[in-house]
Amino acid sequence: MEASATRSGVVQPPREGVNVTAALEDQPLVPYETQRVSYWYFMAALALFVLQLLVGLWLAGGYSFTYPQWVTDALPWGNTRAMHTNLLVLWMLLAFMGGTYYLIPEETEREIYSVKLAYLQLLAFLAVGVTAIIGFAFGWSQGTPILEIPRLLDVFVVIGALIFLFNVGMTVLRGRKTAIGGMLLGGLVFLALLYLFGMPFYENLTIDWFYWWWVVHLWVEGAWELVTAAILAFVLLKVTGVPRRRIEKYLYIEAGLFMFTGIAGTGHHYYWIGAPDLWLWVGGVFSALEVLPIIAMVIDTFLHERDAGRPIQNRVVWTFAVGTAVGHLIGAGVWGFAHTLPQVNYWTHGSQVTASHGHMAFFGAYALLNFTMFWYAIPRLRGIVHYKPGPAFWGFWLMSVAVLGMGLAFGVAGVIQTYVERVLGQGFMVAQQNMQLWFRVVLFLGVFVLAGALVSFWHLFRGEREPGPAEPVG
Ligand code: HEM
Ligand code: HEM
Ligand SMILES: [Fe+2]
């Protein structure tokens, strides 16, 4: 289905010979017209993700080979790294926003407060994003990693975020109240508030890093976890017959746990920046539990479906959902824990071990979570309940295995780096020489990540209807 047709809001009738259950024939695939705004958020997110991968390959190329000096002068490595990480943040925020616009009408049982504002906000974010990415190429940057966007542009980010929160808030306030809607809104408000702490520059660098982590850590291990839990709960509820109350229980556990693990866990970044010693043990103890509610939610849904004797219908969405639970556990839980104790972090801090964890955690926890939502929503926006899996499975496995391999290769490079630089006390470049082989492995596997992404996204927009019964709930 072409994009214009999607926008026109026409839901295609089931094709001939397709056995759709009575429940679904009564109900349109996309019950609220305003949910369709999410489609454009998803498209923007996917395009930016592909761009992020291309820049990632360029970065890995820079570690693997020596680029001619004029190339490095024209496009310094630090600038391209800023592009890679900021594209990551931008596409993920757009994906979360798209996911929110998709699910909030169904949760609140009403249309989005203002579609115009939703489009305006998308344009604002895209304009800021594109300006920032081009600006990085010319060194226009605030300097703080991952949040390099200059302050002038931050103002527009804040305006965009306020429009978004207002729009979602008004919809939630006027509609049905559910735990999913409440947790999503709470997580989004927290997410936006935290951004403010990263905006000023504090002359005392200890203070500057202290608040930088409020954004970086409290986003990925706090606010984003809440948003993720809400989005995953929504999708699981839709693609299986698990009762709402059984799923929502995990949202409450998540909200309670994150107070301890997410907030106190910030301490694992305060070991070496000049903060009080207290953080050494607070950081070490608290951070490991936070991934549990997400895993438990997926396992419990599986058990429920098995006990009900109901095979999973939407196998693609289910694969991505299980993938995100496992990826979350490995990337954030295991890889995070591996360097969270001060005794270990003392050696590995800021090395490629950190990059190893960064890739596996972001991909496992948040890229796959967003893909779960895309694979639920985009087929529906195209008028199809679920696709024949085919290329989506290939894409999923290609991407996931390649990212896992990339994470391991970064990890080996990091262990070599730690040993050469910190145990043997050799210089940075001596370590780099010994690590180069592993960066080439990263580069090689990165090509497969890109291939997996292209295959699965192609299928996302071209997939065909799978005959058979639809989900038990619409
Ligand atoms: C989905 C959740 C997570 C994501 C996306 C994530 C991502 C990241 C990223 C990108 C960094 C690097 C920041 C930088 O210095 O540039 C980082 C650092 C770190 N993360 Fe995570 N993380 C997650 C969860 C966790 C968990 C659960 C733990 C502990 C169990 C953990 C422990 C750490 C530690 C100790 C560091 C600092 C590494 C260093 O000293 O260089 N992370 N994380
Ligand atoms: C084509 C695949 C990719 C390649 C070749 C690649 C390569 C790289 C390289 C070389 C760096 C710089 C590491 C350093 O600072 O020394 C980097 C940083 C980073 N990349 Fe990627 N990347 C890829 C895909 C991804 C994906 C899919 C994600 C997340 C979903 C991601 C998230 C990050 C993050 C968070 C950092 C900063 C890590 C840190 O703070 O230590 N990258 N990437
Ligand atoms: Fe953290």
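Below are my entries, in the order I made them.

**Ground rules**

I'm working with a predicted model, where local features need pLDDT of at least 70, side-chain atom pairs count only at pLDDT 80 or more, and totals for chains, interfaces and linings use all residues. Residues are numbered from 1 along each chain as its sequence is written, while chains are lettered from A and ligands numbered from 1 in the order in which they are written.

**Entry 1: helix α6**

I started with α6, which covers residues 115-137. Helices here are DSSP runs (H or I, at least four residues; strands are E, at least two), numbered from the N terminus. α6 has 23 residues and reaches 34 Å from first C-alpha to last, close to the 33 Å expected at 1.5 Å a residue. That expected span is 1.5 Å times one less than the number of residues.

Next I asked which residues of α6 are buried. I got Ala 118, Gln 121, Leu 122, Phe 125, Val 128, Gly 129, Ala 132, Ile 133, Gly 135 and Phe 136. Buried means 20 or more other C-beta atoms within 10 Å of a residue's own, exposed means 12 or fewer, and partly exposed is in between, with C-beta atoms placed from the backbone.

What covers the buried residues of α6? The cover includes α3, α5 and α7 (151-174).

**Entry 2: α5 against α6**

On the α5 side, the residues making the contact include Asn 79, Met 83, Leu 87 and Tyr 101. Among those on the α6 side are Phe 125, Ile 133 and Phe 136. In contact means C-beta atoms, placed from the backbone, within 7 Å. Ala, Val, Leu, Ile, Met, Phe, Trp, Tyr, Cys and Pro count as nonpolar, Asp, Glu, Lys and Arg as charged, and the others, Gly among them, as polar.

**Entry 3: zooming in on Leu 87**

Leaving aside neighbours within four places in sequence, I found Leu 87 in contact with Leu 48, Leu 51, Gln 52, Val 55 and Ile 133. Leu 51 is 36 residues away along the chain, yet the two C-alpha atoms are separated by 7.6 Å.

**Entry 4: positive phi in the loops**

I checked backbone angles next. Most residues other than glycine have a negative phi. Glu 109, which is not a glycine, has a positive phi of about 60°. Glu 109 lies in the loop between α5 and α6 and counts as exposed, with 12 C-beta neighbours inside 10 Å.

Ile 146 also went on my list, with a positive phi near 70°. Ile 146 lies in the loop between α6 and α7 and is partly exposed, with 19 other C-beta atoms within 10 Å. Just after α6, Gly 139 takes a positive phi of about 80°.

**Entry 5: the two ligands**

Which residues come nearest to ligand 1? Of the 26 around ligand 1, they are Ala 332, Gly 336, Gly 358, Ala 361 and Ala 365. A residue is near a molecule or strand if its C-beta atom, placed from the backbone, lies within 6 Å of it. The largest share of this shell, 6 residues, comes from α15. By class I wrote down 11 nonpolar, 13 polar and 2 charged residues.

Ligand 2 has 22 residues around it, and the closest are Gly 56, Leu 59, Gly 358, Phe 362 and Gly 446. α15 gives the most here, with 7 residues. The shell around ligand 2 has 14 nonpolar, 7 polar and 1 charged residues.

Notes
Contact = placed C-beta atoms within 7 Å.
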